[in-house]
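User: I have a chain open and would like a quick walk through it. Can we go from the overall build down to single residues?

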Amino acid sequence: MISVIIPVYNSAAQLPRCIDSVLSQTYPDFELLLLDDGSSDDSCQLCRTYEAQDPRIRAFSHENSGVSATRNWGIQLSRGEYVVFIDSDDYVEPTMLKTLYDAMQAGHADLVICGLEENDGTGRRLNLPSIQKTIPIQQLEAEYPDIFEHYLLNSPCNKLYRKEKIRASFSQTLSMGEDLLFNLEYLRHVERIAFVREALYHYDCTDSGLVHKKRPDAIDIAHLLYCKSMEFKEQVHLGALAQRHISNIFVTFLFYGLAECYATTEMSTKEKKAVLKKWAAEPHVQSALREARLPQRKQRVAQFLLRHRLLISMHALMCLLARVKR
């Protein structure tokens, strides 16, 4: 049986679409866990209404604790041998569970990753694996850059997990990156990964993108994710391509965090310079700056200045970019 875990928080408008997409699955052997995370709208009542109509549904409620705590709760409540996570404002194709289950069985896999379709309000974009096959974890190096390039590893929602392989929880202390950490930890216990080159998951990112949220801890979290990703790279013997992509992501988030720092009026010029000096002196930052290959010219300029610790020029650039942003 597959346990489908849906954390629910103030999503009454989108929730019926999400639940109906699960109830329409061609794979019959599943349970649906609707976990209300202290919603203030009609979400909880909707969950109870659906529960009364279908014996495969179990609905629960608790005080608002965040999506990570709610997913962890769902894992504890689940009865299935396999686990799928879905966000309450998203929906899935009716063949998703069957396709993922068949791929797992056919390839004796421990994890199945499918493609997803993103909707950011301005258009739709397909993120698909470049392959459709099962590989041993030792061959992940060749596919690792492609997975990261299309953000297929970050989310828990386009995947089928074996419950017995889940050894860690979603972090409840991070404001971003907790999904990636969960997946990296899960991959430590995986022998084979199956890829499905279909967009079976539809992701609504109109209100949840990173750019819409101010995160004062963005650099610290990016640093943690970089370190954990590099630990994983060493454990499964990934090579230079993986290291470059890990570095690209870290440096991109580093510049995002610095931009947030320079855009705020709550920090003095002296404090902003201190942040710049601190991260320029960090060995992991220097290592990532040497490896990264960034697409935008302004990023490459900042990369050069920070790599060579030209802090006066870097400070001037960040001030200029902050003024342009305002």
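Predicted model: local features only at pLDDT ≥ 70, side-chain atom pairs only at ≥ 80, totals over all residues.

Analyst: Residues are numbered from 1 along each chain as its sequence is written, and side-chain values use heavy atoms, with hydrogens and water left out.

User: Fine. How many helices and strands does the chain have?

Analyst: Twelve helices and ten strands. Both are DSSP runs numbered from the N terminus: helices are H or I with at least four residues, strands are E with at least two.

User: How much of the chain is buried?

Analyst: Buried residues are 52% of the 326. Buried means under 20% relative accessible area, exposed over 50%, and partly exposed in between, with a 1.4 Å probe and protein chains only.

User: And what share of the contacts is between residues 24 or more positions apart?

Analyst: Counting contacts with a separation of 6 or more, 77%. A contact means heavy atoms within 4.5 Å.

User: Now helix 6. Is it mostly enclosed or open?

Analyst: Helix 6 (residues 178–187) is largely enclosed by the rest of the structure, because nine of its ten residues are buried. Among the buried ones are Glu178, Asp179 and Asn183, along with Leu180, Phe182 and Tyr186.

User: Switching to Ser43. Where is it found?

Analyst: Ser43 is in helix 2, which covers residues 43–53. With 0% relative accessibility, Ser43 counts as buried.

User: Which backbone atoms does its side chain reach?

Analyst: A polar atom of the Ser43 side chain lies 3.0 Å from the backbone nitrogen of Ser11. The Ser43 side chain also reaches the backbone nitrogen of Ala12, at 3.2 Å. A polar contact is a pair of N or O atoms within 3.5 Å; within protein, one must be able to donate a hydrogen and the other to accept it, and residues adjacent in sequence count only if both atoms are side-chain atoms.

User: What else does Ser43 touch?

Analyst: Leaving out residues up to four places away in sequence, Ser43 touches Ser11 and Ala12 again, plus Val8, Asn10, Leu15 and Asp36.

User: And Val83, buried or exposed?

Analyst: Buried, at 0% relative accessibility. Val83 sits in strand 4 (residues 82–85). Residues up to four places away aside, its contacts include Ser3, Ile5, Leu160, Tyr161 and Ile166.

User: Last topic: positive phi. What is the phi of His108?

Analyst: About 50°, positive although His108 is not a glycine. His108 is in the loop between helix 4 (96–107) and strand 6 (111–119), and is exposed, with a relative accessible area of 61%.

User: Where does Arg309 lie?

Analyst: In the loop between helix 11 (297–307) and helix 12 (311–325). Arg309 has a positive phi of about 55° and is not a glycine either. At 49% relative accessibility, Arg309 counts as partly exposed.
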